[in-house]
Amino acid sequence: MRLIAFAAALFASCAASAQDVGKEIQRYRPMVAAGSPAELFELPGEELWKKPQGPKNVSLERCDLGEGPGVLKGAYAHLPRYFKDADRVMDLESRLLYCMSTLQGRSRDEATARVFGSAERPSEFELLSIYIAGESRGVRIEPGMSQPKEKATYELGRALYFHRVGAWDFSCASCHGDEGKRIRMQELPVLYKPQYARPVIASWPAYRVSTSQVITLQWRMNDCYRQMRTPEPTFGSETTVALIHFLTVTARGEPYHGPGNKR
Amino acid sequence: MNPLRRTLIAALAFAIARPLAALAAWNKEAFSAKTPGDALKGLGIGNATPSKDLQIEAPEIAENGAVVPIEIASAIAGTSALIVMIEKNPFPLTARFDFKEGALPFVKLNVKMGETSDVRVLAEAGGKYFTATKEIKVTIGGCGG
Amino acid sequence: MAAGPMKMRASLGAGFTDVRVLMTHPMETGLRKDADGKIVPQHFIQNLTVKMNGKTVIDAQISQAVSRNPVFSFRLKGGAKGDKIEVSWLDNHGESAAIEAAVA
């Protein structure tokens with residue numbers, strides 16, 4: 001209770017120096033990010049990638065994430081992109097689900113029984129995402145934008161970003177639409193502008209310090225919609241992939257920082 | 001894993017036999033102290049001289065009290081130990097690092113802070129104690145991220 | 001409970017060896033309640049040892065106030081490529097783990 005009372009007082013007293021607060025939080029973030037506990041999950045992620053599973057008892061090592069079967073270096077930084085075999089644009093997680101189904105023979109129900117995990121036990125998608133994303137450290141973010149479906153997915157994502165839905169009539173832009181907004185002490189980045197999207201997108205998936213959990217962009221889309229008081233989107237759906245694609249394209253050119261920390 | 005990465009990552013964490021427990025000391029009295037004064041007593045520390053050569057690098061505001069990064073470096077000659085206390089935590093004594101021949105008096109660690117508080121660092125050098133303090137504000141965050 | 005992954009990198013800085021080590025550990029304070037309202041018992045690392053080429057260079061005692069999944073950075077005097085660094089921890093349950101890496 002004391003903490004909440006203090007935070008309220010801090011908020012009130014800091015109203016005039018909100019910029020200083022923002023600057024200090026900007027200092028806080030890299031300090032925590034150096035040596036993010038997210039790295040701890042790269043090893044279990046690698047083990048999962050190599051583990052034979054499903055009715056076909058095969059590992060994911062032949063999964064093509066866009067750079068060729070089994071090629072991980074730079075793959076994450078070039079997603080989302082169009083995949084001919086699935087005839088759709090996919091982000092990392094929807095592509096992993098596709099490989100779990102086609103390579104390993106797993107059913108969608110079984111593979112998605114637990115898409116978001118816990119601090120003690122991250123989900124398969126979370127562990128795989130951290131590992132695979134780690135292999136794109138330093139690689140320029142360049143999602144697919146040449147193929148017609150890639151362009152269409154971008155346009156859909158852009159439209160969705162500004163489309164108001166749900167009980168509160170919120171869109172992404174309701175929170176992430178104007179400069180200088182924040183919720184309590186969190187600055188709300190204007191994600192349709194490259195200069196704000198770049199540092200944000202370049203550090204997902206991440207380790208969430210407040211819950212010690214690994215979080216991914218699929219989780220973020222789900223949780224944003226939940227906070228907007230809409231039904232949760234289906235994991236790996238066209239909606240989620242389109243939004244992720246829009247955000248990633250907006251962030252393109254930024255060297256991928258590697259899995260980082262989020263509050 | 002990219003083998004060209006400059007860092008070397010050991011692939012195994014291996015378990016050590018229990019006898020190690022007998023060798024490691026942990027100052028229960030000091031760590032269980034509920035006030036900074038009692039913690040200092042438990043550590044056998046009387047007076048400590050403020051020193052500018054004891055540097056604390058930490059954010060003024062921590063977005064989340066669960067993980068507050070603190071970097072400590074001592075330029076005091078002969079520093080053999082660094083002690084970290086978070087004054088307003090339920091148990092203020094947080095860590096003690098003893099540096100033997102071969103180690104520099106430097107450490108970076110992540111700590112938990114229950115509320116805005118002074119972080120007090122002590123350095124032991126040549127039987128004397130030196131101290132430096134920094135206030136870190138702790139906020140609760142909002143949603144997102 | 002089996003020890004979770006540890007990770008360490010040791011690299012040469014300007015006249016010192018920079019050691020960064022990450023460890024998996026709940027670092028439970030004993031003040032937290034679980035979903036059923038029961039107190040989660042204390043479970044945290046108490047001792048940390050850093051060795052360089054087999055010799056102890058840092059001995060640390062830490063409390064439950066160190067963050068979950070602790071990350072530490074240390075600096076060792078001098079050092080050369082190939083030097084062996086070992087970091088080990090011991091918790092209040094008597095569990096322990098260690099990791100070894102060569103300076104890169």
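This briefing covers selected features of chains A, B and C, grouped by topic.

The model is predicted: local features need pLDDT of at least 70, side-chain atom pairs count only at pLDDT 80 or more, and totals for chains, interfaces and linings use all residues. Residues are numbered from 1 along each chain as its sequence is written, while chains are lettered from A and ligands numbered from 1 in the order in which they are written.

**Chain C**

- Chain C has zero helices and seven strands; helices (H or I, at least four residues) and strands (E, at least two) are DSSP runs, numbered from the N terminus.
- Along the principal axes, the C-alpha atoms of chain C fill a box of roughly 50 × 25 × 20 Å.
- Of the 104 residues in chain C, 53% are buried; a residue is buried if 20 or more other C-beta atoms lie within 10 Å of its own, exposed if 12 or fewer, and partly exposed in between, with C-beta atoms placed from the backbone.
- Among contacts in chain C between residues at least 6 apart in sequence, 55% join residues at least 24 apart; a contact requires C-beta atoms, placed from the backbone, within 7 Å.

**Contact of chain C with chain B**

- Chain C contributes 43 residues to the contact and chain B contributes 40 residues.
- On the side of chain C that touches chain B, the elements giving two or more residues are β1 (6-12), β3 (45-52), β4 (55-62), β5 (71-77), β6 (84-91) and β7 (96-102) of chain C.
- β4(C) gives the most to that side, with eight residues.
- That side of chain C divides into 25 nonpolar, eleven polar and seven charged residues; Ala, Val, Leu, Ile, Met, Phe, Trp, Tyr, Cys and Pro count as nonpolar, Asp, Glu, Lys and Arg as charged, and the others, Gly among them, as polar.
- Strand β7 (residues 103-111) of chain B runs antiparallel to β5(C), joined by four bridges; strands pair if DSSP finds at least two bridges between them.
- Leu109(B) has Phe72(C), in β5(C), as its bridge partner.

**Contact of chain A with chain C**

- Seven residues from chain A and ten residues from chain C form the contact.
- The side of chain A that touches chain C has four nonpolar, two polar and one charged residues.

**Helices of chain A**

- Nine of the eleven residues of helix α4 (residues 92-102) of chain A are buried, among them Leu92(A), Arg95(A) and Met100(A).
- The buried residues of α4(A) pack against β1 (81-83), β2 (88-90), α5 (108-111), α6 (124-134), α10 (217-227) and α11 (238-250) of chain A.
- α10(A) and α11(A) pack at an angle of about 110°, with their axes 10 Å apart; axes are lines fitted to C-alpha atoms, for helices over the stretch in contact, and angles run from 0 to 180 degrees between N-to-C directions.
- That makes α10(A) roughly perpendicular to α11(A), a label for angles of 65 to 115 degrees; under 35 counts as roughly parallel, over 145 as roughly antiparallel and the rest as oblique.
- Leu217(A), Gln218(A) and Met221(A) in α10(A) meet Thr240(A), Leu243(A) and Ile244(A) in α11(A).

**Backbone geometry in chain A**

- Most residues other than glycine have a negative phi, and most peptide bonds are trans.
- The peptide bond from Leu79(A) to Pro80(A) is cis, with omega near -5°, and Pro80(A) is in the loop between α3 (42-49) and β1 of chain A.
- The peptide bond from Trp204(A) to Pro205(A) is cis, with omega near -5°.
- Asn57(A) has a positive phi, near 50°, and counts as exposed, with 9 C-beta neighbours inside 10 Å.

Conventions: Contact = placed C-beta atoms within 7 Å.
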